[in-house]
Amino acid sequence: MIILALRTDGNESQLILLENNQIIAEKKWESGRSLAKDLSKEIKDFFSKNGELNVDGYIGYLGPGSFTGLRIGLSTLNAAAYALSNPIVGSVGDGWVEEGVSRLLAGESDKILLPLY
């Protein structure tokens with residue numbers, strides 16, 4: 001299972017690509033106030049550098065954090081999951097990626113992610 005995880009709660013954003021429970025690629029960048037403008041390009045560049053993989057599931061960091069950053073990131077994941085009919089789960093805390101992977105591998109899906117402010 002190929003999984004894309006996204007965290008956009010602060011000035012630094014993070015993309016993580018996993019195969020089952022193993023990280024195969026990761027990117028962090030200073031997103032600041034340009035997240036809405038740059039997120040799609042960052043995701044496209046991330047996949048062009050790591051292969052055109054078909055994502056099977058998504059993990060979104062729910063917060064707490066930046067009101068606008070969380071809305072932008074989670075809206076992007078929600079749209080992708082809906083368009084591709086893929087499962088999506090949200091998580092919080094330091095172990096957010098591990099928890100999300102566990103939930104996806106167990107067949108769970110939240111259907112839609114809402115941020116925690």
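Buried residues are those under 20% relative accessible area, exposed ones those over 50%, and partly exposed ones those in between (1.4 Å probe, protein chains only). Helices (H or I, at least four residues) and strands (E, at least two) are DSSP runs numbered from the N terminus. The model is predicted: local features need pLDDT of at least 70 and side-chain atom pairs count only at pLDDT 80 or more, while totals for chains, interfaces and linings use all residues. Residues are numbered from 1 along each chain as its sequence is written, and side-chain values use heavy atoms, with hydrogens and water left out.

In strand β5 (residues 88-91), I88 and G90 point one way and V89 and S91 the other way; all are buried. In a regular strand, side chains alternate between the two faces of the sheet. Strand β5 pairs with β4 in the parallel sense over four bridges, where pairing requires that DSSP finds at least two bridges between two strands. Y58 stands opposite I88 of β5. Together, β4, α2 and β5 make a right-handed β-α-β unit; a crossover is right-handed if, with the strands pointing away from the viewer, the path from the first strand over the helix to the second runs clockwise.

The loop between β4 (57-61) and α2 (67-84) contains P64. The peptide bond from G63 to P64 is cis, with omega near 5 degrees.

Positive phi values in residues other than glycine occur at N20, near 55 degrees, and at K111, near 70 degrees. N20 lies in the loop between β2 (12-19) and β3 (22-30) and counts as partly exposed because its relative accessibility is 35%. K111 is in the segment after α3 (96-105); at 69% relative accessibility, K111 counts as exposed.
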